[in-house]
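Please open the structure in your viewer and keep the selection panel at hand.

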Protein chains: 2
Amino acid sequence: MTSPAPTRAYRRLSVEERRRQIITAALTLFAHRAPEEVSLDDVAEAAGVSRPLVYRYFTGGKQQLYEAALTSAADALTDCFDEPPEGPLSLRLARALDRYLAFVDEHDAGFSALLQGGSVVETSRTTAIVDGVRRAAAEHILSHLDVADPGPRLRMTVRMWITSVEAASLIWLDAEKEPPVEELRDWLVEQFMAVLTVTAGRDAQTADVVRSALGMETSEGPVAALARRVLPVVSDAAHLL
Amino acid sequence: MTSPAPTRAYRRLSVEERRRQIITAALTLFAHRAPEEVSLDDVAEAAGVSRPLVYRYFTGGKQQLYEAALTSAADALTDCFDEPPEGPLSLRLARALDRYLAFVDEHDAGFSALLQGGSVVETSRTTAIVDGVRRAAAEHILSHLDVADPGPRLRMTVRMWITSVEAASLIWLDAEKEPPVEELRDWLVEQFMAVLTVTAGRDAQTADVVRSALGMETSEGPVAALARRVLPVVSDAAHLL
């Protein structure tokens, strides 16, 4: 790594660009290895800069760099759920999940290490960053439900589903990415509609959300397909009505 | 804590009893405060023994004592899901959740600190203990579904629901234990039946489980009540069929 290219690049890049270059290199490394298996030497090498330079930009060392990389990943993850409010809810959610699952796919080892905890660089600050993503994702989803002031049951339903999605992502990575990502995406959308419907039975605000969401679904859409697949399974249970 | 009682107790108790006495005292303290706010002095005082005695039994200090208390809590949590295979699935699950939520209620601060991570004494070993509870709970639930060899989709559904239950517990503690515990329990049971039914639309094994589970439900039971509450909400969506 003593080729002249990094030095020339160093002269050209602004502080912010240089910082971004180091974070991008760090994120790529953290994405494929657990944080404790990444050294500042590795990051300097991947970014094509010297180790002192990494320290100059990140005086807090690896912990600070890890938090910067994590914040950058958190922003990217939060953006996944930023979806225009157009069309049926199930399709909006499917598009958001496409982006989210692509991120999970790309950052697999790093994503697992981060969410499963037990990482040596995990602190209450990194936990807060991850929790921030969860809260931002929940706010994005709630905004699609088109209610002025989401009540506790609706909020809790959304937050529980987000936790399920995280759990599904980790299990999926652990199961060598089975089932195929499109099936996982559709299944997660269906689970959201199902738990929302359960809450609708207990909460008038959620009932309005479900009625309005179903009104926008089409007979060609994923919710209709779910209904057609599930009805034969539950049709024997007429004794319950 | 210089009263003669502890000394007399010390002479009477076996090593295992003494160890248990210290763990019980530690668990009570960890239940109400975050682990980093509990000192070995506190544990010794609560157990009515000297600090050197605590060190003699737990040569690894606070970390070892914390892990022992955690293992004891993990065993108690795992036992919550040990339910005889009798009656409708929804009622078995409700009884298991009654025990689980009573544990959450009793150990609130400690439960949150443990599951939310960021605790200074959290390590890969403590993470493994918590993960062991999740796996054991999943195995207990799968055993109630009465399938010889649960496939990946059925397993994933159960594990995702367990994560939802954890998330719900943390949100519930954070929301000053609202909704009331009985409502939370029923709601979680309903969510399980709902996500299981969604998976039934994608997986023949799960479809058999749902058919068999619904066959055991009665018109007075929670699943029937759920169906009666939800049908009016979804009945406008006939255009999807």
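Colour first by pLDDT, the predictor's confidence in each residue, from 0 to 100. This is a predicted model, in which local features need pLDDT of at least 70 and side-chain atom pairs count only at pLDDT 80 or more, while totals for chains, interfaces and linings use all residues. Residues are numbered from 1 along each chain as its sequence is written, and chains are lettered from A and ligands numbered from 1 in the order in which they are written.

Select chain A: its mean pLDDT is 88, and 91% of the residues score at least 70. For the model, ipTM is 0.87 and pTM 0.88.

Next, select two helices (DSSP runs of H or I, at least four residues, numbered from the N terminus). Then select residues 1–6 of chain A, where the pLDDT is below 50. Beyond near neighbours in sequence, this stretch has six contacts in the model, a contact being two residues whose C-beta atoms, placed from the backbone, lie within 7 Å. Where pLDDT is low, the predicted coordinates should not be read in detail.

Now colour chain A by domain: domain 1 spans 4–66 and domain 2 spans 69–216, with bounds from an automatic or database domain assignment. Their C-alpha centres lie 31 Å apart. The contact takes 14 residues from domain 1 of chain A and twelve from domain 2 of chain A.

Finally, select α2 (15–32) and α5 (61–80) of chain A; each supplies at least two residues of the side of domain 1 that touches domain 2. The largest share of that side, six residues, comes from α2(A).
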